[in-house]
Amino acid sequence: MLKITPIGKTLGARIEGIDLSKPLTRTDKAQILQAFGRYAVLCFPAQTVDAAQQKAFAKEFGSLEINVAAGHYTVPGHPEVMVLSNIIENGKAIGLADAGQDWHTDMSYSEPIAFLNVLHALKVPVRDGVPLGSTEFLDMCAAYDDLPAEIKARLEDLTATHDFNKFWEEMLKRPGTQRKPLTPEQRAAKPPVSHPIVLTHPISGRKALYCTVGYVTKVDGVSKAESDELLAFLFKHQLQDKYKYKHLWTQGDVLCWDNLWTMHNAVADYRPDEPRHMRRCQVMADWVFSPEAKAAATA
Ligand code: OGA
Ligand code: MN
């Protein structure tokens with residue numbers, strides 16, 4: 001039996017009694033899926049998975065993204081396993097140093113969108129006994145539930161445009177960034193896409209606000225004034241502290257979060273000489289919308 005302990009107000013649970021380096025049993029998988037449907041952010045502490053084992057676990061929940069932009073920041077032989085790190089070895093960065101450092105939802109700029117991010121902490125910066133480089137999450141189902149009825153009615157049939165370049169442009173403005181403006185080819189490879197602003201969660205059936213500050217540029221099919229007004233309201237609404245869970249990492253954590261239900265932000269409060277090292281798999285939202293996933297959650 002897995003031991004599942006809630007660790008936040010609404011989001012977040014710790015799951016113990018499982019070794020993720022071993023194949024998942026049907027009952028473990030069912031319990032984990034149910035936990036995703038209840039807590040959205042799951043922490044499996046003290047795991048020692050290698051890249052292949054992390055991949056095998058992540059693959060249980062959908063197909064894995066191969067991030068073309070990640071290129072050399074992947075584990076050799078495992079293009080689906082990306083490295084996030086500020087560590088420099090032999091004069092070369094071993095990973096992407098500034099991933100996710102503002103509020104966003106992974107891959108909302110793409111078609112298809114993402115379900116899970118599976119991040120394994122190999123090294124966590126700690127200063128004076130306090131872990132740094134936390135990851136914060138916001139509960140977008142709770143944010144939706146709290147919306148005034150009039151806004152819910154307005155959002156029902158609306159879609160919004162998500163643009164990869166919006167986040168990239170914001171990162172370019174940061175002093176000392178290693179990023180370069182996207183080339184026309186990179187830009188063309190990630191054209192803006194539209195998604196409904198209200199998404200029905202495939203496991204819980206709850207509605208989620210899917211309108212991430214990091215990538216959404218406009219509400220489709222309305223005037224610019226109306227789009228600006230609606231987005232200003234939604235962005236402010238979704239960023240309220242009451243929706244937040246802040247994950248303080250411990251080395252060995254495998255943290256999995258549901259991008260259909262949450263937004264997240266990587267807190268950049270550590271220095272270049274305080275090493276952080278994560279391995280990352282991105283699970284697409286394909287299998288989770290299938291009848292098999294529904295069956296697996298009740299197995
Ligand atoms: C990501 C991301 C956050 C972190 O991997 O998509 O946003 O804290 N990472 O590393
Ligand atoms: Mn992210």
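**View 1. The lining of the second largest cavity has seven nonpolar, four polar and no charged residues.** Here Ala, Val, Leu, Ile, Met, Phe, Trp, Tyr, Cys and Pro count as nonpolar, Asp, Glu, Lys and Arg as charged, and the others, Gly among them, as polar. This is a predicted model, where local features need pLDDT of at least 70, side-chain atom pairs count only at pLDDT 80 or more, and totals for chains, interfaces and linings use all residues. Residues are numbered from 1 along each chain as its sequence is written, and side-chain values use heavy atoms, with hydrogens and water left out. The second largest cavity holds about 40 Å³ of space. Among its lining residues are Thr105, Met140, Tyr210, Asn259 and Trp261. A cavity is a set of points on a 1 Å grid over the protein atoms alone where a 1.4 Å probe fits but cannot get out, and lining residues have an atom within 4 Å of a point. Points are joined across faces, edges and corners, and the volume is the space filled by probe spheres set on them.

**View 2. The largest cavity has a volume of about 50 Å³.** Strand E5 (78-85) and strand E20 (277-284) each put at least two residues into its lining, and E5 gives the most, with four. Strands (E, at least two residues) and helices (H or I, at least four) are DSSP runs, numbered from the N terminus. Look for Glu65, Thr74, Met82, Arg280 and Gln282, among others, around the space. This lining splits into five nonpolar, three polar and three charged residues. In total, the count is two cavities of 30 Å³ or more.

**View 3. Asp106 sits in the loop between strand E7 (92-93) and strand E8 (114-123).** Asp106 is buried, at a relative accessible area of 4%; buried means under 20%, exposed over 50% and partly exposed in between (1.4 Å probe, protein chains only). Leaving aside neighbours within four places in sequence, its contacts (heavy atoms within 4.5 Å) include Asn117, Trp257 and Arg280. The side chains of Asp106 and His264 are joined by a polar contact of 3.1 Å. That term covers a pair of N or O atoms within 3.5 Å; within protein, one must be able to donate a hydrogen and the other to accept it, and residues adjacent in sequence count only if both atoms are side-chain atoms.

**View 4. Helix H8 (residues 291-298) has Ala293, Ala296 and Ala297 as its buried residues.** They cover an arc of only 100 degrees around the axis, so they fall on the same side of H8. The arc is that of the directions from the helix axis to the C-beta atoms. These buried residues pack against helix H1 (26-39). Pro291, Glu292, Lys294 and Thr298 are exposed on the other side of H8.

Key. Chains lettered and ligands numbered in written order. 1 Å grid on protein atoms, 1.4 Å probe; cavity = no way out; pocket = protein on both sides within 12 Å on 5 of 7 lines; lining within 4 Å.
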